[in-house]
Amino acid sequence: QVQLVESGGGLVQAGGSLRLSCAAPGSIFSINAMGWFRQAPGKEREIVAAVSWSGSAYYAGPVKGRFTISKDNVRNTVYLQMNSLKPEDTAVYYCAASRDLGTPITGYDFWGQGTQVTVSS
């Protein structure tokens, strides 16, 4: 079992920035990719970004150019830097870990508890 702990959510005005963190305090030798997902009220959960073990990144269209996913292999931590935030970015953001290679957009094995991001207009 892989434990994931998110932090960094909050309330921000449109145009502002937030950085989310996802720490995996235990052993993650079986994990090859990490991702960030979000779920807005009344909508399905969707992928935001993913990063492979080698550092290759995937971004969903709505966040491309505004969000950046990165990871610190020493600290077993993944980050999501969110700039130029929009009200439509408001959602609960979840960190997830996958045993799959590359930058998968589905089929994640482990999930964090989620952190709320609210962008006011």
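A residue counts as buried when its relative accessible area is under 20%. Keep that cut-off in mind as you move through this predicted model.

**First stop: R38.** Select R38, in strand β4 (residues 33-39). Its relative accessibility is 7%, so R38 counts as buried.

**Second stop: E46.** E46 and R38 form a salt bridge, with 2.8 Å between the closest N and O atoms. Is E46 buried, partly exposed or exposed? At 37% relative accessibility, E46 is partly exposed.

Go back to R38 and bring up D89. These two also form a salt bridge, and here the closest N and O atoms are 2.9 Å apart. The pair links distant parts of the chain: D89 lies in the loop between β8 (77-82) and β9 (91-98), 51 residues from R38. D89 counts as buried because its relative accessibility is 1%.

Keep D89 on screen and select R66. Their salt bridge has its closest N and O atoms 2.7 Å apart. Which parts of the chain does this pair link? D89 is in the loop between β8 and β9, while R66 is in the loop between β6 (57-59) and β7 (67-72), and 23 residues separate them. Both D89 and R66 are buried.

**Last view: the whole group.** Now display R38, E46, R66 and D89 together: salt bridges with shared partners join them into one network.

Terms used. Residues numbered from 1 in each chain as written. Predicted model: local features only at pLDDT ≥ 70, side-chain atom pairs only at ≥ 80, totals over all residues. Heavy atoms only, no water. Salt bridge = Lys/Arg side-chain N within 4 Å of Asp/Glu carboxyl O. Buried < 20%, exposed > 50% of the residue type's maximum accessible area, 1.4 Å probe, protein only. Helix = DSSP H or I, 4+ residues; strand = E, 2+ residues; numbered from the N terminus.
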